[in-house]
Amino acid sequence: MSGGIPFGTNRVIVIFLDGVGIGEPDAEKNLFFQDDFLFFRDIFGEVPHLGKQRLEKDGVFCFPVDAVMGVSGSPQSGTGQVSLLCGINAQKKLGMHFGPYPHSQLRPVLEKRNIFRELLRQNKQVAYLNAFPKVYFDIVKKRRQAFGAIAYSAHSAGLRLGRASDVRRGKCLTGEITNARWNTRLGYRLPVIRPETAAARLLRSSRYHHFVLYEYFLTDYIGHGRVKDEKHTLMQSLSAFLTSVVEGIDKHTTLIIFSDHGNAENLSVKHHTMNPAIGLAAGKHATLVAKKVKQLSDYYKIILHILK
């Protein structure tokens, strides 16, 4: 990285949390009421729930977002993420909720109008901060449909997807923040970093880009019961990471945290929920984001408006 962007330029950081909705105030069911995840209590002094879906404190907003969008059935990642990334009602366009990967009928839309491509058309500096292990590249080389919507959007827009070498140089983050799972599960020997260090790397990247997106998918894994023994450690890391990002943004930056559907807020079931997806905004244009976003597709226009 070199040069940065002009001082005073509007910037947007987006953190995508897979499968996070607003649920019941029940620590047995709701991951975010458990003691491992203190983010909401650190920022707002309380946790959002179905009886109190909107929170605001010191210019940070939490709000509900419609993930169903008028289509019957439970929301899914494929259509939900296309709605987030392209500013359309992908569920309605397809006629159903679909996932976990983007439906073949939606891939042309995703290729042509995803947020990365649109901002690049406007000569903005953009970054997708996630790195991927070699096994991921091996899989998507054989099966292009195995690309998730966000990674596919970045790739189709011409962005280079990060690799282990980028993590070592501090230019990208692994999808689990600290690098520990890459070491224990994939055999890498990456330095294990603190969540606060990962947050600092994200914030540093935003100084060089108008738009930065980071994707965290393990919340959805936890909701589906795919991660059990590591749940406490993962949630502590995510909580510390998010808190550090919120506390570290500067006056020219808008932070948006969004999700595609509910899941982890109800651990009593192993499938997606009908609950509203979580939305959070902080920084320069947080009030606008919290006021205007009603459904998944609304983020797109607001991001473009902020960065025009």
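## Basis

The model is predicted: local features need pLDDT of at least 70, side-chain atom pairs count only at pLDDT 80 or more, and totals for chains, interfaces and linings use all residues. Residues are numbered from 1 along each chain as its sequence is written, and side-chain values use heavy atoms, with hydrogens and water left out.

## Packing of α10 and α12

Two packed helices are described by the angle between their axes and the distance between the axes. Helix α10 spans residues 195–206, and helix α12 spans residues 231–248. Helices here are DSSP runs (H or I, at least four residues), numbered from the N terminus. The α10 and α12 axes lie 8 Å apart, at an angle of about 40°. Axes are lines fitted to C-alpha atoms over the stretch in contact, and angles run from 0 to 180 degrees between N-to-C directions. The pair α10 and α12 is therefore oblique. Oblique is what remains after roughly parallel (under 35 degrees), roughly antiparallel (over 145) and roughly perpendicular (65 to 115).

The crossing of α10 past α12 is right-handed (the near helix is turned clockwise from the far one by less than a right angle). On α10, the contact (heavy atoms within 4.5 Å) is made by P195, E196, A198, A199, L202 and L203. On α12, the partners are S237, A240, F241, S244, V245 and G248. By class, this contact has 8 nonpolar, 3 polar and 1 charged residues. Nonpolar covers Ala, Val, Leu, Ile, Met, Phe, Trp, Tyr, Cys and Pro; charged covers Asp, Glu, Lys and Arg; the others, Gly among them, are polar.

## T219

T219 sits in helix α11, residues 218–223. T219 counts as buried because its relative accessibility is 0% (buried means under 20% relative accessible area, with a 1.4 Å probe and protein chains only). Its side chain reaches the backbone oxygen of D18 at 2.5 Å. Beyond neighbours within four places in sequence, T219 contacts L17, D18, V20, M235, L238 and A264.

## Backbone features

The G99 to P100 peptide bond is cis, with omega near 10°. P100 lies in the loop between α3 (90–94) and α4 (107–113).

The loop between α8 (164–168) and α9 (180–186) holds I177. N179 is found in the loop between α8 and α9 too. I177 is not a glycine, yet has a positive phi of about 80°. N179, also not a glycine, has a positive phi of about 80°. I177 counts as buried at 0% relative accessibility. N179 is buried, with a relative accessible area of 1%.

Conventions:
Helices (H or I, at least four residues) and strands (E, at least two) are DSSP runs, numbered from the N terminus. Buried means under 20% relative accessible area, exposed over 50%, partly exposed in between (1.4 Å probe, protein chains only). A polar contact is a pair of N or O atoms within 3.5 Å; within protein, one must be able to donate a hydrogen and the other to accept it, and residues adjacent in sequence count only if both atoms are side-chain atoms.
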